[in-house]
Amino acid sequence: MTNEKTTRELVYETNRDVKWICKMLQKMERCDEDFESRIRALEGWRAEKAGEERRVSTISAGAG
């Protein structure tokens with residue numbers, strides 16, 4: 001007897017693999033969304049910080 005899998009076994013295994021792949025893709029998407037939100041927060045903070053620095057340099061230039 002050979003060790004070849006039956007069609008039913010192959011379908012079951014493929015179905016299991018597809019479910020695992022879908023689950024991992026969803027997990028990756030959640031991680032990407034979290035990463036994107038952290039980057040947006042950092043970009044906002046950087047823009048705010050740059051605005052403060054420009055304000056301070058403008059005040060300093062006006063005082064001189």
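This short report walks through the fold, the surface and the side-chain contacts of the protein shown above.

The model is a predicted one, in which local features need pLDDT of at least 70, side-chain atom pairs count only at pLDDT 80 or more, and totals for chains, interfaces and linings use all residues. Residues are numbered from 1 along each chain as its sequence is written, and side-chain values use heavy atoms, with hydrogens and water left out.

**Fold and surface**

Let us start with the overall picture: the protein has one helix and zero strands. Both terms refer to DSSP runs numbered from the N terminus, with helices being H or I over at least four residues and strands being E over at least two. Helix α1 covers residues 7-63. How many of the 64 residues count as buried? The share is 0%, where buried means under 20% relative accessible area, exposed means over 50%, and partly exposed lies in between (1.4 Å probe, protein chains only). The accessible surface of the protein is about 6,400 Å², and carbon and sulfur atoms hold 58% of that surface. These areas come from the Shrake-Rupley method with a 1.4 Å probe; for residues, only the protein chains shown count as cover.

A nonpolar patch on the surface is made up of W20, I21, L25 and M28, which together have about 440 Å² of accessible area. Patches take residues with over 30% relative accessible area and no salt bridge, joining like charges within 9 Å and nonpolar side chains (Val, Leu, Ile, Met, Phe, Trp, Tyr) within 5 Å.

**Salt bridges**

The whole structure contains five salt bridges, each defined as a side-chain nitrogen of Lys or Arg within 4 Å of a carboxyl oxygen of Asp or Glu. The table lists some of them.

| Pair | N to O distance |
|---|---|
| K5 and E13 | 2.3 Å |
| R16 and D17 | 3.9 Å |
| R40 and E43 | 3.0 Å |

In the K5 pair, K5 is partly exposed at 45% relative accessible area, and E13 is partly exposed at 24%. For the next pair, R16 is partly exposed at 46%, and D17 is partly exposed at 35%. R40 and E43 are three residues apart in helix α1, so about one helical turn separates them. Salt bridges that share partners join E36, R40 and E43 into one network.

**Cysteines**

A disulfide is a covalent bond between the sulfur atoms of two cysteines. Counted as pairs of cysteine sulfur atoms within 2.5 Å, disulfides number zero here. C22 is partly exposed at 40% relative accessibility, and C31 is partly exposed at 47%.
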